[in-house]
Amino acid sequence: MTQPAPAHPPHNDPSAAPRPIVTLDHVTKRFPGVVANDRVAFDLFPGEVHVLLGENGAGKSTLVGMLSGLQTPDEGGILIDHREVRIASPARALELGIGTVFQHSMLVPSLSVADNMALGGPWWSRPDRAGVARRMAQVCADIGVTIDPAAKVGTLSLGEQQQVEIVRALMRGSRVLILDEATAMLTPKGAEDLGALMGRLTRLGIAVVFITHKLNEALSFGNRITVLRLGRKVGEIAPERLAALGPAAATAEIIRLMFGTDAGAPADAAPRRARPGAAPLLVIEGLAVDDPAVPVERVDLAVAPGEILGLAGIDGNGQKQFAEALAGQRPLRAGRITLAGTSLERLDVGARRAHGLRYVTDDRLGEGTIGGFAISLNLLLKQVGESPFWRAGFDQPEAIAAHARRLVGEFDVRTPSIETPIGKLSGGNIQKALLARELSGAAKAVIFAKPTYGLDVNNIRATRQRIREAADRGLAVILISTDLEEVLELSDRIAVMSRGAVVGVVENDAAARGRVGELMSGVTA
Amino acid sequence: MSALFTDAFLTSLVLGALTAGIPLMLAGLGEQISEKAGVLNIGIEGMMLFGAYAGFLVAYHTGSIWLGFLGGAVGGMAVAVPMAVLCIRMGLSQIVIGIALTLGAEGLTALLHHFQFAQSYPRLPAVETLPIPVLSSLPVVGPALFDRPPIVYLAVLAVFVTAYVFRATQFGLALQAAGDKPAALDAAGVDVVRVRTIAVLITGGLAGVGGAFMAEVGAGIFVPFMTNGAGFIGIVLAMQARGKPLWVLCGALLFGACLSATTALQVAGVSIPTDVIQMLPFAAVLTVLVLFGRKASLPPALGTHYVRGAR
C-alpha cells in the first residue's frame, strides 16, 4: 500500500463493506394530531458523521428521542448490530452504547464535572471522584480536549459543557454519539471546534449523528447527509456521492430536498403584479436591536403601498426581534422607521398603532389575546380606554358589542357569542379575531409574523387571502414566515434574514426559490 | 445590666436554646433534604404535630422514651406518605397538599387528644439525662450542653451525618441533582420519583422525631397545636441554610435562644413585659429574612413535578 492513510477507513476500503451499528427500520411516531416521523429508515455506520438535516418540525428531535430512549416508536423497529432492540429509557440507550448530547444541557449545574460523571452509582457508595478524573483525563487525551474535573459545571461555557457531555458519553462506552442541535447555541468558533472534534471522534471509530438545520455545517462536518421534511425522509446523500458532487452541486441538491422541487407551484400562486414607481410607504433604515441570543444588525427595507415583502429565513434568526422592534415592543439600539412620512422610532406601541402600523403576532395566545376575556374585549385590546368604546373611564357596552358584532361578521369568526372567552375558540378562529383587530380601522402597514403557523388548511387559505386583500387595499405588508412556500406564494419581493441581518432581497421570479434557499441556509453568507 | 448575665441566666438560656432548638433543627434538617431534592414540603408542620402525638402516645403506653421517638418518626412518615403519593407520583400542587396535610394533622390530633386525654392530661416522667464525662462539669455550658438526654446528642450527630451524606455519597449527589436538574438525573439512570419519595419520607421521619421531642422532652405532655409553627420556622431555616446542614444547626440554636429567652429572663428577674419577650422569635425570623432572605438560593426545580421528556 503506497497510498496515504485514508481519513475515513470504512469508506475508502472497498474490501470491507461497512456494517451499520444502528439501523432504524421504517419507524413511525405519532403525537396527537401530527405524524412526527413517518416510516423513516436510516443506518449509522462506524467512523462516520451522519448529518440529519431539516427545518424545525421536520421530525429530527423525535427521531433522536427514539434513539436515546425518550420515546419509543409506534411502528417499525430499531436494530443494533442487526439485532432488534427496544430502547425504553435513556439508561437502556446508554447500556446499548448510544450516548446523546441534547440541545439543552443534561448536566447538573451545581455539581462538579466529576460528580456529574459519577452520578448514578449505588446509593450508599462514595462517588469515585479520583477514578472518574483518571478515566476522564484519558478520554480527554484521546479526543484532544481539556477539562478540569473539579470545575463546577455552572461556571463552564456552553461549548465546554458539550465537551463534558461528549467525554461522559465516551467514558460510558458509547459507540454512537448523538449531537442534537449541538451548534444552535454556540458561537461560530465554538461550532468550528465541535466540527473538528467530530472529525477526531470518527477516527476513533465512533458513529456520530449530528442534527442541524444549517446547511453549511452539514456540508463541512458531515460524511453522510439525510434530509427530513415534515416527518419524512426525503433523501440521503452517501459519502461517495457527497465527495463526488462537490460543495456547489451538493448544496443545490440539499436545497431541493429541504425546500421542495422547483416544479409544481400551486395554481393560485400567480405572482402578484407589483406596482412599479410607487413611493415606499414604510421605510426602515439601519434598524438594530440588542438581544442576547440574536442581535439584529442594520436592517434596511422599504415597502411600497400594495406590496407584500416576504421575510424568509430559518426560525430564530432574528425575525421575532425585528418584528417586535418594529411594532414598538422592544427598544431599538439604532435606526429609523418612517411610515407615510412620519417618524415612528420614538413612539410607543399605542402611538405607532394610531399612526397605522399594525402587528399580527405569532404568539396568539400569549401576547395576542387574553384567553379568559370575551372576544368583544379582545377585539379592542389595543384601544382600551378610547372613545367611543370607553367614555370618562367607563366602558360603553353597546358600542363595544356593536364593534364586535361587525368584525365577527366581517372576518367570519365562528363563535357561539361575542361574549365567549377567546381562549375557548380554535386556533383558526383566534387568528381570524386577531386579523380583524389588526386589519380594521386606519391601517397603513401590517407586519404578519408566521401568520399561518399551526393552522389547518382552510384557515391557512383564508389567512393568506386576507393578506392579499390587505395589500390590494394599498397597505404595505411585511410577511414574516419560515414556510418558504408561503413566502413564494404571496410575496412581491423576498428578503432573507440570517443571523440577525438581512442577507439579501430578491424579486419573486422563477429563480427566486433557489436564490432564497441558498440565502436561508447561510451558504452564501 | 451586669446582673443579667449571671450563671443561672446563661445556663437557663443555653439549656432553653437547646431544648427549643432541637425540634426546629430536626424540622429544618428534614426540610432541607426535601428541598434539596426539589420538593417544597409545606406539610412539615403537620408531620411534626403528628409525630408529637404519636410519640407521646407510644411513650405513654409503653413507658419507653425510645419507642416514643420511634413512634414519632413513624407518625411523621405517616403524614409524609400521602405527600409523596399525591405530589411526587401524581404531580399535585405541593403547596396545596402541604397546607391540607398540616390542617388535617392539626384537626386529627386535636380530635384524638380530646377523646383520649382531655379528661386526664397525663404527663410523662422527666427524661433521664446522660452526662458526658469531663465536659459536663464545665461551668455554665457543662450542665446545659453536656448533661442532656441522649436523643439530643443523636440529633446533633444527625446534622453531621446529613452533611456527610450530602457531600460524599451517591445519594447526596442524587438529591442535589433531583432538585437542580431532574432530567439529568433521569438520564443518568436514577429514578427521580424514587429519590424524591425517599427524601420526603426522611423528612417525615426527622420532623416526627422533632415533634416527639417537643412532647416527650420539652413539655412531657401532648396538647393540641403544640408545635405552634415550629415546622414553618424549619422551612425558613432550610431556605436560609443554602443546602448546608451546619447552618441549620446554628440557625435553630439562634431561634431556640429567642424562644427560650422568656424563661431565661424571668429566671434573671428582669421585668420586661412578657408580650415583648414573646415577640422575640418572630422578630428574629423577620430580621433574618430581611438580612439574608434575598440571598437565599433555592434549587431551580423546587416545587415542580418531574415528567420525563417534558421540556
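Okay, a bit of housekeeping. The model is predicted, so local features need pLDDT of at least 70 and side-chain atom pairs count only at pLDDT 80 or more, while totals for chains, interfaces and linings use all residues. Residues are numbered from 1 along each chain as its sequence is written, and chains are lettered from A and ligands numbered from 1 in the order in which they are written.

Helices (H or I, at least four residues) and strands (E, at least two) are DSSP runs, numbered from the N terminus, and two strands pair if DSSP finds at least two bridges between them. What is the strand order in the open sheet of six strands? It goes β6-β7-β8-β3-β9-β10 in chain A, with mixed pairing. The edges are β6 (98-101) and β10 (232-237) of chain A, each with a single partner strand, so one side of each has no neighbour in the sheet. On average, neighbouring strands are turned by 20° against each other, direction ignored; axes are lines fitted to C-alpha atoms, for helices over the stretch in contact, and angles run from 0 to 180 degrees between N-to-C directions.

Zoom in on β7(A). Four bridges join β6(A) to β7(A), residues 176-180, and the two run parallel. In that pairing, A:Ile98 stands opposite A:Val176, and A:Gly99 has A:Leu177 as its bridge partner. Helix α2 (residues 60-68) of chain A touches β3, β6, β7, β8 and β9 of chain A, at about 150° to β7(A). Helix α6 (residues 158-171) of chain A touches β6 and β7 of chain A, and makes about 175° with β6(A).

On to the next neighbour: β7(A) and β8(A) pair in the parallel sense over five bridges, with A:Leu179 opposite A:Phe210. Is β7(A) buried or exposed? Five of its five residues are buried, so β7(A) is largely enclosed by the rest of the structure. Buried means 20 or more other C-beta atoms within 10 Å of a residue's own, exposed means 12 or fewer, and partly exposed is in between, with C-beta atoms placed from the backbone.

A:Gly328 follows α10(A), with a positive phi near 95°.

In helix α14 (residues 397-410) of chain A, the buried residues are A:Ile400, A:His403, A:Ala404, A:Leu407 and A:Val408. Seen down the axis of α14(A), they fall within an arc of 125°, so they line one face. That arc is taken from the directions from the helix axis to the C-beta atoms. The face turned away carries exposed A:Glu398, A:Arg405, A:Gly409 and A:Glu410.

Technical notes:
Contact = placed C-beta atoms within 7 Å.
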